[in-house]
Amino acid sequence: MKIAMVASEAAPLIKTGGLGDVMQGLPAELSRMKGNEVALILPYYGVMKRNPAIKTEFITSFAVSMAWRNCHVGVFRVKSRKKLQIYLVDNEQYFNRSRVYGEGDDGERFAYFAKAALSTLAAVGFIPDVIQCNDWQTALVPMLLKSEFSSTFPNTKTLFTIHNVEYQGWGNNCFNMDVLGLPAEYTDIMDMGGASNFMKSAVVMADAVSTVSESYAGELMHPYFAHGMDGMLRQNAHKMRGITNGIDPDAFNPQTDKRLTLCYDATTVGEGKKANKLALQKDLGLPQDEDCAMLAMVSRLVSHKGIDLLTNIADRLLDRRVQLVILGTGDAQYEEFFRALQEKYPQQVAAVLQFDGGLANRIYAAADLYLMPSKSEPCGLSQIIAMRYGTVPIVHAVGGLKDTVWPFDPQSGKGRGFTFQSYNAEDFLYAIDRALDVFYNQKEAFLRLREQDMKEDFSWRKPAKEYMALFGAL
Ligand code: GLC
């Protein structure tokens, strides 16, 4: 099958969040499957041009029309021996900015990108059976395919994947007329309550809509989770699917991770954790104590990650025999809270308020328990990385957290971690207490659980097969 994938980021070329990891792992896996030809299209951001590790070659250039004007499109290809072809859309005006997102004209930038991506496929002669596009930045692709590009791609189907429904791509109701220049009926397709909404057009126009876990697919039908999109999604429920993300087992591998003090696998996790924990404690200025439970959180410090639950129980939690390691940046109020918490409990708390990928992996390797009390979570990646590193997750049973962390039953030994059902600080603390009880008082059971988590197959193999089945059905 010929598959084109369009996204606004893909690691290791450009990454701001989980989407970047998905667009690294999934295209690679699909391209390895027999009979597939996969092309990935990304914007050629300025930071990528300045990155000497990214080698590209120029392919072609042309213009696309945007309403009343023509815009330049340069097409570059990433030099690589891999089967996956990666094309980069070059336009200095739109993509040579200091940030990837958050510019005042993001709507126009990514409307241009959607057009340019389709034109690029035509220009390089890649006529796909299916185009998979991701989040609001590429949400105009299905509508463009069925309008301006319908004669170029008469048989191509589209799958629109929602990674986070919170960001939908809003514009005013002149957006089509001013920027896209499609006939007036398409203004209505984008219309949501008198404004333009990119994601809504994709939900209506795509042949299928998916999201990144089964539970989140169900949750999106409810107003509590859907940020206003639930009505449209319910109307299109017949097109909706949930496919839980995987991770790249080589990119996250405690057996080969050079940043660790000592590498380990499921059979040597005991020694591995001990060495990594002692080293991390030393570096972070915590007492070196291999037997003390280390709880960790690597997260953006924002409300929907459930930080309020942790701030609420922090004092009571630190009354127990635990160390708490926090890594991340975010809202000033939370940063301030953790700074103060570290001052109050210097023997127990280390809060590193920055973004540091290397330290993140060392924390995954050192910690015993991983906290992820998100209010909502489309899929979530860190709980999966934590398990891969033998760190047992404690999660709010919601979205992808519910689908990847099954509750542990010490009697049967089945399960992967500790969960709580309602978004509530008391329930969170109770889940932590159950985990600590197993950690301190049922050591055998804890060691087995940790080993089990490390042996699970979280690779892209299974999800890639599910995507192929969906493409096949289309
Ligand atoms: C978004 C979601 C996260 C998901 C990721 C990749 O960042 O918030 O839950 O894992 O996309 O799909």
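This is a predicted model: local features need pLDDT of at least 70, side-chain atom pairs count only at pLDDT 80 or more; totals for chains, interfaces and linings use all residues.
**Pocket, ligand shell and backbone**

User: What is the volume of the second largest pocket?
Analyst: Its lining has 29 residues, and the closest to the centre are Pro-12, Gln-24, Ala-28, Lys-82 and Leu-84. They divide into 15 nonpolar, six polar and eight charged (Gly counts as polar; Asp, Glu, Lys and Arg as charged). Taken as space filled by probe spheres on the grid points, the volume is about 640 Å³.

User: Which residue is joined to Pro-12 by a cis peptide bond?
Analyst: Residues are numbered from 1 along each chain as its sequence is written, and side-chain values use heavy atoms, without hydrogens and water. Pro-12 sits in the loop between strand S1 (2-6) and H1. The cis bond, with omega of about -5°, links Pro-12 to Ala-11.

User: How many residues in the shell around the ligand are charged?
Analyst: The shell (heavy atoms within 4 Å) holds Gly-18, Leu-19, Val-22, His-163, Asn-164, Val-212, Asn-245, Glu-377, Pro-378, Cys-379 and Gly-380. Domain 1 (2-246 + 460-473) and domain 2 (269-455) each supply at least three residues, with bounds from an automatic or database assignment. Five residues are nonpolar and five polar, and the number charged is one.

User: What percentage of the ligand's accessible area does the protein cover?
Analyst: Three polar contacts (N or O pairs within 3.5 Å) involve oxygen atoms of the ligand: side-chain atoms of His-163 at 2.7 Å and Glu-377 at 2.6 Å, and a backbone atom of Gly-380 at 2.8 Å. On its own the ligand has 310 Å² of accessible area (Shrake-Rupley, 1.4 Å probe). The protein's cover comes to 88%.

User: What is the phi of Ala-67?
Analyst: Ala-67 is in the loop between strand S3 (56-66) and strand S4 (69-78). Although Ala-67 is not a glycine, its phi is positive, at about 45°.

Technical notes
A polar contact is a pair of N or O atoms within 3.5 Å; within protein, one must be able to donate a hydrogen and the other to accept it, and residues adjacent in sequence count only if both atoms are side-chain atoms. On a 1 Å grid over the protein atoms alone, a cavity is a set of points where a 1.4 Å probe fits but cannot get out, and a pocket is an open set with protein on both sides within 12 Å along at least five of seven lines; lining residues have an atom within 4 Å of a point. Helices (H or I, at least four residues) and strands (E, at least two) are DSSP runs, numbered from the N terminus.
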